[in-house]
Amino acid sequence: MLLLGASVATIWYSLPLIVSVSLVCAATRHELMKPILQHAVRFAAWVLGFMAVFVGLLALLGRLQ
């Protein structure tokens with residue numbers, strides 16, 4: 001149980017990384033603040049969705065062993 005708590009705490013480190021990467025990616029494509037924020041939110045949602053699917057697959061593979 002302690003190992004699960006440590007791994008959940010480590011996931012929180014991904015949030016600043018996702019925010020910064022999505023803002024930089026959006027800022028390279030737009031100049032105005034509103035389109036930058038809209039694109040950053042969409043990009044962050046895609047990244048979080050991809051990460052959720054990947055974690056789900058890893059959890060499924062872990063249960064199969």
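**Figure 1. Overall order of elements in the predicted model.** From the N terminus on, the elements of the protein run α-α-α. The protein has three helices and zero strands, where helices (H or I, at least four residues) and strands (E, at least two) are DSSP runs numbered from the N terminus. Of the 65 residues in the protein, 14% are buried, that is, under 20% relative accessible area, with exposed meaning over 50% and partly exposed in between (1.4 Å probe, protein chains only). This is a predicted model, in which local features need pLDDT of at least 70 and side-chain atom pairs count only at pLDDT 80 or more, while totals for chains, interfaces and linings use all residues. Residues are numbered from 1 along each chain as its sequence is written, and side-chain values use heavy atoms, with hydrogens and water left out.

**Figure 2. Crossing of helix 2 and helix 3.** Two packed helices are described by the angle between their axes and the distance between the axes. The axes of helix 2 and helix 3 (residues 33-64) come within 8 Å and cross at roughly 135 degrees; axes are lines fitted to C-alpha atoms, for helices over the stretch in contact, and angles run from 0 to 180 degrees between N-to-C directions. Helix 2 and helix 3 are therefore oblique to each other, because angles under 35 degrees count as roughly parallel, over 145 as roughly antiparallel, 65 to 115 as roughly perpendicular and the rest as oblique.

**Figure 3. Residues between helix 2 and helix 3.** On helix 2 the contact is made by S14, I18, V21, S22, L23, C25, A26 and A27, and on helix 3 by I36, L37, H39, A40, F43, A44, V47, L48 and M51. Contact means heavy atoms within 4.5 Å.

**Figure 4. Surroundings of S22.** S22 belongs to helix 2 (residues 14-27). With a relative accessibility of 3%, S22 counts as buried. A polar atom of the S22 side chain lies 2.9 Å from the backbone oxygen of I18. Neighbours within four places in sequence aside, S22 is in contact with A40, F43 and A44.

**Figure 5. Surroundings of A40.** A40 is part of helix 3 and is buried, its relative accessible area being 6%. Apart from neighbours within four places in sequence, the contacts of A40 are S22, L23 and A26. A26 and A40 are 14 residues apart along the chain, and their C-alpha atoms are separated by 5.4 Å.

Note on methods:
Polar contact = N/O pair within 3.5 Å; in protein donor to acceptor, adjacent residues only side chain to side chain.
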